[in-house]
Amino acid sequence: MKDLTRYRNIGIFAHVDAGKTTTTERILKLTGKIHKIGEVHDGAATTDFMEQEQERGITIQSAATSCFWKDHQFNIIDTPGHVDFTIEVYRSLKVLDGGIGVFCGSGGVEPQSETNWRYANDSKVARIIYVNKLDRMGADFYRVVDQVKNILGAQPLVMTLPMGIEEDFVGVVDLLTRKAWIWDNSGDPMNYEIQDVPAEMTEKVEEYREALIEMAVEQDDEVMEQYLEGEEPDLDTLKRCIRKGTRDLVFFPTYCGSSFKNKGVQLVLDAVVDYLPNPMEVKPQPEVDLEGNETGEVAKVDPDAPLRALAFKIMDDRFGSLTFTRIYSGTLKKGDTVLNTATGKTERAGRLVEMHADSREEIDEAQAGDIIAIVGLKNVQTGHTLCDPKKPATLEPMVFPDPVISIALNPKNKGATEKMGLALSKMVQEDPSFYVETDQESGETIIKGMGELHLDIKVDILKRTHGVEVEVGKPQVAYRESITKRVEDSYTHKKQSGGSGQFGKIDYIVEPGEPGSGFVFESTVTGGNVPREFWPAVQKGFESSIDKGVLAGFPCLDLKVTLTDGSYHPVDSSAIAFEIAARAAYRQSIPKAGPQLLEPIMNVDVFTPDANVGDVIGDLNRRRGMIKSQDAGVTGVRIKAEAPLSEMFGYIGDLRTMTSGRGQFSMEFSHYAPCPKNVADEVIKEVQERQAAAA
């Protein structure tokens with residue numbers, strides 16, 4: 001039986017280039033997990049093991065690893081910082097109990113840190129803040145602390161102060177103990193001395209220490225009363241108060257250092273032990289039924305309770321498929337059968353492994369609080385719940401944002417089509433924000449993702465990992481057509497050329513249907529002029545024609561056809577004759593009924609800093625957008641609008657330029673609306689040119 005109070009499931013998250021991966025490397029070195037430190041800029045970091053990560057110097061996948069510090073087990077997840085991979089951060093935060101937010105000492109609170117901070121707030125994850133890179137030119141610890149207050153709307157609790165700055169940065173002062181930690185320049189994190197605070201810093205240390213104590217004692221009325229009476233609480237009481245405030249997200253203990261120079265990381269590790277919650281202290285995961293409604297039950301963090309685990313990441317490697325799983329309650333043994341509540345099928349957990357980036361150690365069992373990888377699960381996807389087959393339950397599933405950009409792919413050599421299909425289906429399993437579909441109209445394979453870099457990396461993985469060379473097309477918009485007028489018309493189909501002939505005459509009305517009604521057919525024929533057995537043939541003739549509109553060949557929406565009269569021939573009439581009559585009637589009447597082109601309109605949700613609201617709204621108006629609402633928040637403004645999809649290509653690049661990289665947006669399909677004439681003419685011309693070229 002493991003002691004869960006000695007567990008810490010933590011994630012390290014930050015903006016691109018704030019030093020998350022370097023910090024993870026230092027933690028692994030200090031905890032004895034690795035003996036040689038790998039550097040990101042040399043492409044040798046332990047947790048950056050994909051070729052694309054080593055080349056670009058960025059983290060793409062979240063990597064998991066376990067290590068020990070002061071008799072406590074840390075399960076650490078190093079997450080990516082780039083906005084196109086926020087999905088990795090989001091799903092990691094979902095299964096963590098605590099986090100370390102890393103900020104760059106010179107860059108401060110950057111856009112992606114804001115997004116990650118918002119996600120962490122949504123997931124109610126307790127955090128400590130680590131201001132890194134204080135040896136950098138332009139580094140300023142106090143400025144970053146102010147930004148945390150003003151930009152993130154969070155309350156930093158300053159725990160250490162830097163000694164020296166930029167190239168003179170030598171160490172930190174621990175405010176609680178009033179001791180200075182000074183490292184030499186050997187680069188060995190263990191070469192440090194603990195000294196008294198230098199005289200010139202005494203005043204500042206006392207000022208910040210007093211602020212720290214005042215904020216901490218507010219967590220306990222009794223301690224606060226004693227403090228107001230002049231009695232300073234002892235160290236253990238202070239730590240208990242800080243731990244409570246951190247767990248309740250009242251404030252965030254804030255540390256400083258330079259991971260690259262190996263200065264200050266030990267105090268961050270101590271803070272993880274002292275202040276971040278263990279799995280027992282986190283609000284338990286609510287259980288939901290198959291419709292997604294909460295049942296009122298929760299997954300208790302107890303090794304003897306029924307098994308409840310959440311698969312939060314699928315990774316394919318040379319040993320087969322790995323399913324990264326957080327166990328919330330119960331115990332999982334090697335070879336156990338588990339039920340996947342999403343598919344309703346049971347699967348066998350072949351092998352259990354504890355991960356260290358891309359190497360692994362096999363284990364026989366895992367229990368509540370553990371983060372492990374399971375080898376050999378076949379049909380599990382991100383967000384699926386694994387549970388005890390005798391006592392099934394579902395944990396609250398993950399919600400992933402919809403993709404915002406799509407491109408067409410074609411394999412360069414025809415033989416690679418099947419290989420590409422297999423590779424794409426593996427990639428979809430690994431990344432829930434990546435979608436693949438086949439365009440019914442063109443037969444092309446369309447991939448959709450969170451941004452241009454996201455799809456760029458996917459094409460790169462297809463090429464390198466799976467050996468499939470592809471040509472990338474430009475994005476296409478799925479237009480539709482409809483009619484605007486009511487037309488009464490008649491059509492007679494007659495064919496007489498030896499043998500039995502064909503005859504069918506129909507009188508009918510074609511009119512626009514209710515929005516969203518699709519195709520509606522009714523017959524008001526009386527007196528048997530068109531026998532009842534031929535009505536379905538007339539319906540089929542019209543219905544099979546609406547897939548191709550008369551303007552540009554796009555499907556026709558919301559059409560109502562009423563059969564009013566007609567005539568038949570006792571010998572020559574047949575179902576096929578009436579079907580042919582209806583197809584020809586469609587081609588004859590739709591051009592008279594005021595056909596128009598419809599375009600997909602998207603619900604757009606933009607997040608922008610206050611300073612850029614005017615630019616963003618002006619730009620949306622230029623894209624024919626309609627602004628619906630604006631909501632001011634702590635860190636910026638959310639603008640909701642409707643805009644045509646055709647105008648939104650390349651938007652993310654323009655938005656990032658306008659907002660210095662801090663803007664973000666998501667969009668989803670809302671409805672179809674008529675195209676302005678100039679846009680419609682352009683689309684129709686383009687389609688005609690394409691058809692002429694194909695012919």
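Trainee: Let me start with one side chain. What is the relative accessible area of E365?

Mentor: It is 37%, so E365 is partly exposed. Exposed would need over 50%, and buried under 20%. Keep in mind that this is a predicted model.

Trainee: Which residue does E365 meet in a salt bridge?

Mentor: K333. The side chains of E365 and K333 come to 3.8 Å, N to O. K333 is also classed as partly exposed, because its relative accessibility is 42%.

Trainee: Why does this pair tie together separate parts of the chain?

Mentor: Look at where each partner sits. E365 belongs to strand β21 (residues 365-367) and K333 to strand β16 (residues 331-333), so the bridge joins parts 32 residues apart in sequence.

Trainee: Where do E469 and K412 lie?

Mentor: Both are in loops. E469 is in the one between α11 (452-464) and β28 (470-472), and K412 in the one between β25 (405-411) and α10 (417-430). The two parts that they tie together are therefore 57 residues apart in sequence. Their closest N and O atoms are 3.9 Å apart, in a salt bridge. E469 is partly exposed, at 38%.

Trainee: How many salt bridges are there?

Mentor: The count comes to 31. One of them joins E488 to R486, with closest N and O atoms 3.3 Å apart. E488 is exposed, at 58% relative accessibility. A network of salt bridges links D619, R622, R623 and D654.

Trainee: What does I100 contact beyond its neighbours in sequence?

Mentor: Leaving out residues within four places, its contacts are I10, G11, I12, F13, I27, I128, Y130, V268 and V272.

Trainee: Is N278 buried or exposed?

Mentor: Buried, because its relative accessibility is 4%. N278 sits in the loop between α9 (265-275) and β12 (285-288). A polar atom of its side chain lies 2.8 Å from the backbone nitrogen of M280. Beyond four places in sequence, N278 touches L4, T5, Y7, R8, D97 and R243.

Trainee: On to sheets. What is the strand order in the open sheet of four strands?

Mentor: Strands of a sheet pair through backbone hydrogen bonds, parallel or antiparallel. This sheet runs β30-β31-β33-β32, with mixed pairing. Its edges are β30 (487-495) and β32 (519-523), each pairing on one side only. Neighbouring strands are turned by 25° on average, direction ignored. β30 and β31 (residues 502-512) pair in the antiparallel sense over nine bridges. T492 stands opposite K505 in β31.

Trainee: Which strands does helix α12 lie across?

Mentor: α12 (residues 535-545) lies across β31, β32 and β33 (559-567), at about 155° to β32. Helix α13 (residues 575-589) also packs on the sheet, touching β30, β31 and β33, at about 40° to β31.

Trainee: Which residues of α12 are buried?

Mentor: W535, A537, V538, G541, F542 and S545. These buried residues pack against β31, β32, β33 and α13.

Technical notes. Residues are numbered from 1 along each chain as its sequence is written. This is a predicted model: local features need pLDDT of at least 70, side-chain atom pairs count only at pLDDT 80 or more; totals for chains, interfaces and linings use all residues. Side-chain values use heavy atoms; hydrogens and water are left out. Buried means under 20% relative accessible area, exposed over 50%, partly exposed in between (1.4 Å probe, protein chains only). A polar contact is a pair of N or O atoms within 3.5 Å; within protein, one must be able to donate a hydrogen and the other to accept it, and residues adjacent in sequence count only if both atoms are side-chain atoms. Contact means heavy atoms within 4.5 Å. Two strands pair if DSSP finds at least two bridges between them. Axes are lines fitted to C-alpha atoms, for helices over the stretch in contact, and angles run from 0 to 180 degrees between N-to-C directions. A salt bridge is a side-chain nitrogen of Lys or Arg within 4 Å of a carboxyl oxygen of Asp or Glu.
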